[in-house]
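My entries follow the display.

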Amino acid sequence: MALDNLAEYQTPEIYDAEYGSFEGDLNIFVGLKTIGNALDLACGTGRLTIALAKSGLICTGLDSSQAMLERASLKSTGLDISYIQGDMRDFKIHQKFDLISMAGNSFQALLTNDDQRNMLTCVKSHLKSDGIFTFNTRNPMPDDLRTTNEFEFWHSFTDPKGELVKVYGQQAYNSAKDIVHYTTKRIWPQTQTITDIELRFVEEEQLLKLLDKNGFEIISLFGDLNKTPFTSVSKNIIVLAKLRKQENNDQ
C-alpha cells in the first residue's frame with residue numbers, strides 16, 4: 001500500500017486472521033500465466049504471491065510495509081519468492097515480468113491522479129511485451145460514497161489466540177476528491193483498537209481512460225469474482241490488461 005496510508009497494516013498476524021484465508025479471488029489472478037515470472041504489488045503477507053508461486057511462477061512480492069513482508073517471508077518457506085520493500089508508485093526492479101498483479105482493491109490506496117499515473121508508469125516499464133497486468137477495485141456505488149455518523153457492524157473474526165473480534169466501521173466521504181476516510185474499530189473481549197485509512201473510488205469510464213492514456217489496452221473487464229462481464233451495477237471492476245502494440249514497439 002502507499003507509504004502514507006499504512007495504519008491498517010501494522011499488525012500482520014491480526015491482518016492474516018481477518019483476511020488471510022480469503023481465496024475467492026484466486027480464480028481471477030491465478031492461472032493467467034502458468035510459465036514465467038510474476039510481480040505481485042501491494043503483496044501484504046503474501047496471500048496471492050504464495051498462490052502464484054504454487055502455480056509454478058517465479059514470484060516477486062512488493063509492499064511498503066516491512067512488517068507485512070516479514071510475515072510473508074515466514075509463510076513462504078520452500079517457495080520461489082523474493083520480497084522487496086518498496087512503493088508501488090516508485091520502484092525499479094531491473095527485470096520484466098510475464099504477470100503483474102495487484103489484488104485486494106489496493107488500487108484504491110492511490111489517492112491522487114499522480115499516484116495512479118506513477119504506478120502505471122512503473123508497471124509499464126516492468127511488463128513484458130506479451131505480459132498481463134491485472135488488478136481489482138470497487139465499483140463506486142451509493143452505499144460506498146456516503147458519510148456515517150455512527151459505527152456500523154461490518155464482520156467478526158477469530159484472532160490467533162482464539163478470541164472473537166468484532167469489527168465496526170465509520171466512514172466520511174470527500175466528494176471533491178472521491179476519497180472515503182474509514183475509521184475501523186476492532187473490539188476484543190478485553191480491549192479494542194482503532195485504525196484509519198483513506199481509499200479513492202474511481203468509476204469505470206475514468207479508469208478505462210486512465211489505462212488507455214497510459215499505454216494499456218483491455219483484455220477483459222469483469223464485474224465479480226465469477227468473471228461475469230462488467231456492468232454499471234457490478235460490485236467490482238476487475239481488469240486484465242496488456243501493453244498496447246505501440247507501447248510494445250517502444251520497449
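The entries below take the strand pairings and then the cores.

Entry on the source. I note that this is a predicted model.

Entry on E6 and E7. I looked up strand E6, residues 152-158, and found that it pairs with strand E7, residues 164-174, in the antiparallel sense over 6 bridges. Thr158 stands opposite Leu164 in E7. The hairpin of these two strands has 5 residues between them, and there I found Gly162 with a positive phi near 90 degrees.

Entry on E7 and E8. I then followed E7 to strand E8, residues 179-187; the two run antiparallel and are joined by 9 bridges. Here Asn174 stands opposite Ile179 in E8. This hairpin has 4 residues between the strands, and Asp178 takes a positive phi near 55 degrees.

Entry on the largest core. Which residues touch the most other members of the largest nonpolar core? I listed Phe107, Met119, Phe133, Leu207 and Phe216, out of 31 residues in that core. At least two residues of this core come from each of the strands E1 (37-41), E4 (97-102), E5 (127-138), E10 (216-222) and E11 (236-243), and from each of the helices H5 (113-126) and H6 (204-213).

Entry on Phe216. I checked what Phe216 touches, leaving out residues up to four places away in sequence: Leu120, Val123, Lys124, Leu127, Phe133, Leu211, Ala241, Lys242, Leu243 and Arg244.

Entry on the second core. I also found a separate core of 22 residues, with Leu26, Leu57, Cys59 and Ile238 among them.

Key: Residues numbered from 1 in each chain as written. Predicted model: local features only at pLDDT ≥ 70, side-chain atom pairs only at ≥ 80, totals over all residues. Heavy atoms only, no water. Pairing = 2+ DSSP bridges. Core = buried A, V, L, I, M, F, W, Y, C linked by side-chain atoms within 4.5 Å. Buried < 20%, exposed > 50% of the residue type's maximum accessible area, 1.4 Å probe, protein only. Contact = heavy atoms within 4.5 Å.
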